[in-house]
Structures are given as C-alpha cells and as structure tokens.
Amino acid sequence: MKFASPLWFAALAVIAARIALVVIDRKRREGAFRFSSLAILDLARTVRVRTSWLPFALEVAGLVLLVVALARPQHVERMNEDRRGIDIVVALDASGSMAAEDFQPRNRFEVAKELIGRFISQRESDRIGIVTFGHRAATRVPVTFDRAIAREVLSRAEVGENGDGTAIGTAIATAVNRLRTSPARSRVIVLLTDGVNNAGSIEPATAADIARQLGIRLYAIGVGSYGPVPVPIRMQNRVTGQIETVYQNIRADLDDEMLRGIARATGGEYFRATDERALKEILATIDTLEKSRLAAPPDLVVEELYRPPLLAGLLLLALALVSGETLWMRLTA
C-alpha cells in the first residue's frame, strides 16, 4: 500500500485550521436573545438540537476523504525481477518484392508480419528486437522485454520503407550489432526474406561469420512460393493520367542455398515458409536452447484505490450540504 501523491496530505492542515476556527467561533457566538434556560423553548431535548454538529462533521469527513483520494492510494505488487529466456532479433525483409501476393488474399509481407506477431506473443520470457531492411537496414525496436511496443512497431512496418533492394548481409550485421553486448547465453537472429542479396556493402557470408564468432545463431526463413507470382505495381494510365495498380507475374528469386549455408554456418537452420509450418518449427527449435537468467526491469502490478474515497467524500459533502439546509438549518446569523 502506498500513496502516489502524498503531498496532498498537507491539505489536512487547512481542514484542521477550519475545525479550530469553527470551534472558536461557536464558543464566542452570542444569540440575538438571552434565556436563562433552553427548557423554556423546549429545544434542549430535541434530536435536531443534540445532533446539530452532524452537518459540519459530514463536511469535515468528506473533505478528508477527498484529500485521501487526491493522494492516490495504490496497491503495488512487485513481480519476479528475473526471467529465464533468450535474446532474439527478428530481421524482416521490407523490399518491394515482399508485396507479391502468393499467399492469397494477402501478400508475403502481411503473412510475414503475422508470423512474427505470433512469434513475439509467445516469447513471454525473452527479449525481442526488430530490424527491417531493403536497400538499407534499420533497427525499429532495440532488444526489449516490452512485447507490446514490439508488436505495435511491427504493425506499422510497410513495404518499401527501407528502399528497394535486398541487403541481407547488412541486415544480419545490424542484428548482430544489437546482440553483441547481450549477456544472454543464447542469442538468436530470425531472418525473413524472399530474395537474394543485391544491395549493401556487407556480404551475407561475412556477416554470418561475425555472428558465428560471437556465438549468435541465425535462423533463416525463405518467404514465398516457387514459380511465377503476381506482384502489384503502381503505374500511371497514359490515357486518363491516373495512378492505377496493375499486376505482373515474376518468378521467385530466392537464394535457398545461400540462406541455408549462412544459417548452418552459425549453428542455426533454414526453413522455406510456403505456409505457417516454418514458424512452428523455428519456435520448437528455439525452445530447446538453453535459457540464461536475464535481468528484467521490475514488473510492478499497480491497482489504483482512489475511487472509493473519492465517491464517499463527494457523497458526504452532498449530505452535509443538503442536511445543513434542511433538517439542521440554523436560524442564527
């Protein structure tokens, strides 16, 4: 139990001062008429007279409860700070060819994002990072326990955001850079691509060798079916001048042998993702890796408790106002 804004308790001093002023005022106050005894007016025995203090007491209690609510009482539970898991960076190909629609009615990129989303959702004890690449590679999410952020960034990824081309070597090198200082015993790169390395200044074999030297495993997934596939292309209509989407059939240009070679060089594996089976195989393989203890930020479960005192305080103030103007209305000035 704690208070998020305890400085509000300073307002209790103001309430205490108000109580003192009311008490002093009532002791000094003199009536408009003097009587030797209230028995003459038959007032002393009435319940209303004996409980005339009640509206003020309700007001004070209501104000105190409002101060408690403003101080934001909370119930805080600290969860386990250590987790046993793996550090993983997912490198996703976002080149133009990933728009090929051989996973009808979706394209390769949408299917790949769905697979990665499921992958992230199941990694409760692992740290996840995301790299997207095309002509160049960029880190979208550094290695983190925050799966919600990783999924949110992934959902906003778009085809072509890293330029046209497929810099597989650069993507692997970027992922390696994110993992090279990791203290985790098991570090993994999951590479999803549908093409051959045709951009960047780093060869995939060179990047894979660096990963191997650092003890980082590479699991590669070749996305897409074999043979010609329809790819949407935006072109300007020469007659109307409007931009239209037309489809052209292209052959899958995926270097299976290269991807298989660099994966095996690091102790990983290569899968061809013509369906969702590839991801399940990768998950099963990664789950067999030895997990190391990772220091996680404190996982706190905070329950806000301000609502009950807030509602009770407002109710008591309302009762004080109504009762002071009705049942216990004072006729003195």
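Leaving aside its neighbours within four places in sequence, which residues is T170 in contact with?

Tutor: Bear in mind as we go that this is a predicted model. Once you skip the neighbours within four places in sequence, T170 is in contact with A137, G200, S201 and I202. You'll find T170 in helix α6, which covers residues 168–179. Its relative accessible area is 17%, and the cut-off for buried is under 20%, so T170 counts as buried.

Which residues of α8 are the buried ones? They are D256, M258, L259, I262 and A263. Look down the axis of α8 and those buried residues fall within an arc of 170°, so they line one face of the helix. Over on the other side of α8, E257 and R264 are exposed. Follow the chain past α8 and you come to G267, with a positive phi near 90°.

Now for the α7 partner. Two packed helices are described by the angle between their axes and the distance between the axes. For helix α7 (residues 204–213) and helix α8 (residues 256–265), the angle is about 15° and the axes are 9 Å apart. That angle is under the 35 degrees cut-off, so α7 and α8 are roughly parallel to each other. Their crossing is right-handed. On the α7 side the contact is made by P204, A205, A208 and R212, and on the α8 side by M258, I262 and A265. Sort the residues of this contact by type and you get six nonpolar, no polar and one charged.

The axes of helix α4 (residues 108–121) and helix α5 (residues 147–156) come within 10 Å and cross at roughly 175°. Here the angle is over 145 degrees, so α4 and α5 are roughly antiparallel to each other. From α4 the contact takes in K113, I116, G117, I120 and S121, while α5 brings R147, A150, R151, L154 and S155. By type, the residues of the α4 and α5 contact divide into four nonpolar, three polar and three charged.

Next, towards the start of the chain. I19 lies in helix α1 (residues 11–28) and is partly exposed, at a relative accessible area of 29%. Not counting residues up to four places away in sequence, I19 touches F56 and V60. I19 and F56 are 37 residues apart along the chain, yet their C-alpha atoms are separated by 8.9 Å.

Last stop, a backbone detail. Most residues other than glycine have a negative phi, and most peptide bonds are trans. R72 isn't a glycine, but its phi is positive, about 55°. R72 lies in the loop between α3 (54–70) and β2 (73–78). With 32% relative accessibility, R72 counts as partly exposed.

Notes. Residues numbered from 1 in each chain as written. Predicted model: local features only at pLDDT ≥ 70, side-chain atom pairs only at ≥ 80, totals over all residues. Heavy atoms only, no water. Axes fitted to C-alpha atoms, helices over the stretch in contact; angles between N-to-C directions. Helix = DSSP H or I, 4+ residues; strand = E, 2+ residues; numbered from the N terminus. Parallel < 35°, antiparallel > 145°, perpendicular 65-115°, else oblique. Left-handed = near helix turned anticlockwise from the far one by under 90°. Contact = heavy atoms within 4.5 Å. Nonpolar A, V, L, I, M, F, W, Y, C, P; charged D, E, K, R; others polar. Buried < 20%, exposed > 50% of the residue type's maximum accessible area, 1.4 Å probe, protein only. Arc of directions from axis to C-beta.
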